[in-house]
Number of protein chains: 4
Amino acid sequence: MKEIKKIGVMTSGGDSPGMNAAIRSVVRTCAFYKIECAGIYRGYEGMIEGDFIDLNARSVKGIINKGGTFLKSARSKAFRTKEGRQAAYNQLKKANIDALVVIGGDGSFTGGLVFNQEFNFPVMGIPGTIDNDIAGTSHTLGYDTTLNTVVDVIDKIRDTASSHNRLFFVEVMGRDVGHIALNAGVGAGAEEILIPEEDLGLERLLESLRRSKESGKSSSIVIVAEGDKTGKNVFELKDYVEEHLPEYEVRVSVLGHMQRGGSPSCFDRVLASRMGVKAVESLLDGKSNLMVGLMNDKITVTPLERAIKGQSKINKELIRVSDIMSV
Amino acid sequence: MKEIKKIGVMTSGGDSPGMNAAIRSVVRTCAFYKIECAGIYRGYEGMIEGDFIDLNARSVKGIINKGGTFLKSARSKAFRTKEGRQAAYNQLKKANIDALVVIGGDGSFTGGLVFNQEFNFPVMGIPGTIDNDIAGTSHTLGYDTTLNTVVDVIDKIRDTASSHNRLFFVEVMGRDVGHIALNAGVGAGAEEILIPEEDLGLERLLESLRRSKESGKSSSIVIVAEGDKTGKNVFELKDYVEEHLPEYEVRVSVLGHMQRGGSPSCFDRVLASRMGVKAVESLLDGKSNLMVGLMNDKITVTPLERAIKGQSKINKELIRVSDIMSV
Amino acid sequence: MKEIKKIGVMTSGGDSPGMNAAIRSVVRTCAFYKIECAGIYRGYEGMIEGDFIDLNARSVKGIINKGGTFLKSARSKAFRTKEGRQAAYNQLKKANIDALVVIGGDGSFTGGLVFNQEFNFPVMGIPGTIDNDIAGTSHTLGYDTTLNTVVDVIDKIRDTASSHNRLFFVEVMGRDVGHIALNAGVGAGAEEILIPEEDLGLERLLESLRRSKESGKSSSIVIVAEGDKTGKNVFELKDYVEEHLPEYEVRVSVLGHMQRGGSPSCFDRVLASRMGVKAVESLLDGKSNLMVGLMNDKITVTPLERAIKGQSKINKELIRVSDIMSV
Amino acid sequence: MKEIKKIGVMTSGGDSPGMNAAIRSVVRTCAFYKIECAGIYRGYEGMIEGDFIDLNARSVKGIINKGGTFLKSARSKAFRTKEGRQAAYNQLKKANIDALVVIGGDGSFTGGLVFNQEFNFPVMGIPGTIDNDIAGTSHTLGYDTTLNTVVDVIDKIRDTASSHNRLFFVEVMGRDVGHIALNAGVGAGAEEILIPEEDLGLERLLESLRRSKESGKSSSIVIVAEGDKTGKNVFELKDYVEEHLPEYEVRVSVLGHMQRGGSPSCFDRVLASRMGVKAVESLLDGKSNLMVGLMNDKITVTPLERAIKGQSKINKELIRVSDIMSV
């Protein structure tokens, strides 16, 4: 196996807080081991175009606390074709890049895996996505920050909700998994949490809201994950509830993209730093096709294949806790 | 004129950060002058129902930094009727309340003015609304806090915008006036700001976005006030721009109710404290039908009538500054 | 064993963010199981005085996001005497309290253990302290919030450090353990971290700072835990460094008590909610003398005795990561 | 008079939030008027060394929300000598810089004024300092942000103060003027505020604290400006109070440098944007030796000489408000 003298690092897919911290860690670990590092702009798209930048330890100062990704991110149709991947490989060779660290979600890892299989090119993955929907890690990069952002915003909304004795439906991100909704819902003291993993039925929602009113609650927050199973979007839910429970005045808030941004939490910065070290050291140890993850507070690795196919499960205990807290 | 021995304080209309700080100030100023103070729950609605609470200096501890209003707020249809106002008057008399401080917007002041005219009841107003749309004060309570909330959120959105080279339309509050949009737009470094006071036309927007692209800007934020004059809502604007400028990938974010909440800024806390003192002292001086305001950094009073009818103008200089900054 | 019909909950020792959320959880879990709950003011001191308050599910609304503890906390000399504990027991009996949830640190748990041994009174502990110095849980309540507070403040200090090319020594809490210093140090991108667990020697610090200068770093932050082993306090360290490295202009910042306060992070709110449920359910299951903890992301219990005597170890991997990041 | 084709911009003295936003505004206004702009690193020190960088509209993207100053700041002994200033002049000439915008405090303005007198070089000042101690402007750049930072930290300290029924002395910046102490003190609900402008005497402080205790306050915050007139520093004050009022357990917190940093508030960003435009336009209009300021919410100019010699007065009304709020 070829000795690794230069590593390329890129961010791919939706941005998440901590990506910059992870890039910094990859770059500095390379510097620590006295190998070179190149940043690849705009994910696989920039790889195909050879849009690279040499990075040294000083290049990444002052970014550990910045949201987004200074290497930028993009989706790439071209990389889904054999020609695109060949072009990307040629660019990497031309730039003497020997191995790759891909920071992103399962789509990005799938790309990396295919690339490895075709060109036998060493690839390590770092899970960067706010959704926490990757198997093989208890926390993806950015997830903890997003939870704090969401509870902070819901705290603000609650100021208005309780000033006016209103019911709010707040839609949070999470198309396939309810991690954000469930955790931020418990953290924000939501009365009810609707997630893709559970179909409690609309009747139960009405029941719960009726009980809230009877128990003397003057205002309520219901968290709705984008992908919840009620079959209604958040505005339709509002109409449904207002029709069936006219005693409620309902407001809707869709949090949207702000959930992705912001300065990463300490947890995400530390996680990013640890993951970057492990990714580079794994490559230097001759490993490939692995994703760095956090399991039981320890940094581990999982085959990329498993990370992609696996399912990140929500914590059922939290559903119980949420029910008890809404008493 | 009757000596004032007990003052009632209430919040009315949409809540805004700083309302609790203003209540605290009214209560403590009453305590300082050794007169009684009663809190009136849920605005005019609670006044009609006699939903009062005696408040002393210690009752309001720990609230200066809390968003919303612990006295709650509500709209009251009943108060628009003569019978409703008579009932409210009876309740005030029964509770020995001699004068009123109303914290709210122009609708609340109109109610107070009518009430004064019918019952010769002393009323002072404190402008509490995030929209800054009241004449007679350069700043309404909560406006400064909302500006900080909005730029903080747009900073987060920009992380994603610049990571993905995207264009975002961000809708902020302001149905009739563009204060929030204009100031937060300049503060957040927005490329274009659409406000109700100006109809720049959609062609100019396209022109500006074309110029942005040419000048090398990789991402852009356009701020849209709720009440802007383009005739299109923010989602229609997105469609319009994507149709005419296919080089742009547009995302929309509607900030919504979170803009009302949160811990007040130092400015709003200080302003609330000053206004509460002035409101109580004005009543004790035998004055009525005035709104406390801030003009040229000094606390002043304006006839409620003028505050209601007047128009709070946006600062045209800021439009120029915004244009220059978008160069 | 006596059936439990009423649980007392108290906070004891230094306050930490999440204590209110834990109280809320204990209270609501009691309500869920239809048993009574009493709050005990000012820890063991209030227990001796019988300073109790009945709490129901609505009593604890709106506190999940508040720092500090509304039940207040205090040290109690009297509780260290047999007479004090007897008085406390009498008060609990008089108030029909059958079991106790103590939210606090190891000192508070020691008190609870002694109390249990003397009076056979059921006691459960919830670890509430920012220092994360309790065995049997990977995270104490408040620790995660404090890390975010600390990195946020150091981010601000770095603005000045890098504007002026200065070296800052920042002292953070942690008398016996370096968890805060180590994690916040990595999170804030500190160049060097001095913790009680390691005596790297002053010469190594100078060496590291010399290397920083040579590698082109223009500004540096060194984190010092209160209890570090250099034998010098943070101001003496400044003098020492300025004497030996005259090329550095050093500033000192002692973060102090602000580290304890603030709205809890989502993580701490969720953890508090889970721990409160487990504490009450354990008591209802007839258990006692246990501390609720988080191990490998799961809620567990540990004998109080072990929690008190055990040692919470820092993560050695993080020291390595910190060294690599400072390259 | 020579036509201005290139403007140099620099930051000097202590950094303050909003400096980056002001640089951005100067640079973009130059771009708007199609003249060149150079950034001067490290204030007068970098001017002497010719440490310049060409800046265009894109160079300053993404900095409006960043604390500190990317042009860095430094004190310069050399610039106090005739030779130093001559060297600086030579560097400016060599770089074809025709005029100067100095962002800083009165020391920086004095340097600019002397420079102008010696070399007839056009100079405009923008007041950037957190202390708000400059005549000719109601607000200096960074002051509003610092107030928010300070009240936010004191809110955190109050969590602990009220959890433990303690008295805190909190020292804030302000060597000669009490603006920060007075405004943040009112904003944070401090019981007493000690500022350089007033010597209330220690006896009054004791009196006020005695009264607090009697009126049932369980915890208190006293704000102390660095330069207060009691003749005791904040630690000596603690000892003094504990000696005379043994019923109080006193803690001290010195906020220190964190007060300078952080993302600027919306107010400071807008102010910076407006000031930068005015500074450049004034130079293009042939003006010099003026400081841009905010008076009565309008952008104005004041002779630098007056800004330096003048005195920024605290608002006596606020002292009254503070007294009333502490009832």
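Asn296(A) counts as partly exposed, because its relative accessibility is 37%; here buried means under 20% relative accessible area, exposed over 50%, and partly exposed in between, using a 1.4 Å probe and protein chains only. You'll find Asn296(A) in the loop between β10 (290–295) and β11 (298–303) of chain A. Helices (H or I, at least four residues) and strands (E, at least two) are DSSP runs, numbered from the N terminus. The phi of Asn296(A) is near 50 degrees, a positive value in a residue that isn't glycine.

This is a predicted model, so local features need pLDDT of at least 70 and side-chain atom pairs count only at pLDDT 80 or more, while totals for chains, interfaces and linings use all residues. Residues are numbered from 1 along each chain as its sequence is written, chains are lettered from A and ligands numbered from 1 in the order in which they are written, and side-chain values use heavy atoms, with hydrogens and water left out.

Now for chain B. Asn165(B) has a positive phi of about 50 degrees, and it is not a glycine either. Its spot is the loop between α5 and β6 (167–172) of chain B. Is Asn165(B) buried, exposed or partly exposed? With 28% relative accessibility, Asn165(B) counts as partly exposed.

Contact means heavy atoms within 4.5 Å. Buried area is the accessible area (1.4 Å probe) that two parts lose on being put together, summed over both. A salt bridge is a side-chain nitrogen of Lys or Arg within 4 Å of a carboxyl oxygen of Asp or Glu.

| Interface | Residues in contact | Buried area | Carbon and sulfur share | Salt bridges |
|---|---|---|---|---|
| Chain B and chain A | 34 from B, 34 from A | about 2,400 Å² | 48% | two |
| Chain C and chain A | 50 from C, 50 from A | about 3,900 Å² | 55% | six |

Let's take the B and A side. One salt bridge joins Glu249(B) to Arg75(A), with the closest N and O atoms 3.0 Å apart. On chain B, α5 (143–164) and β9 (250–254) each give at least two residues to the side that touches chain A. The largest share, nine residues, comes from α5(B). Sorted by class, that side of chain B has seven nonpolar, 17 polar and 10 charged residues. For these classes, Ala, Val, Leu, Ile, Met, Phe, Trp, Tyr, Cys and Pro count as nonpolar, Asp, Glu, Lys and Arg as charged, and the others, Gly among them, as polar.

Over on the C and A side, Asp155(A) and Arg269(C) meet through their side chains in a salt bridge of 2.7 Å, N to O. Which element gives the most to the side of chain C that touches chain A? That's α9(C), with eight residues.

Finally, a look inside chain C. Strand β2 (residues 36–40) of chain C is mostly covered, with four of its five residues buried. Strand β1 (residues 6–11) of chain C pairs with β2(C) in the parallel sense over five bridges; two strands pair if DSSP finds at least two bridges between them. In this pairing, Lys6(C) stands opposite Glu36(C) in β2(C).
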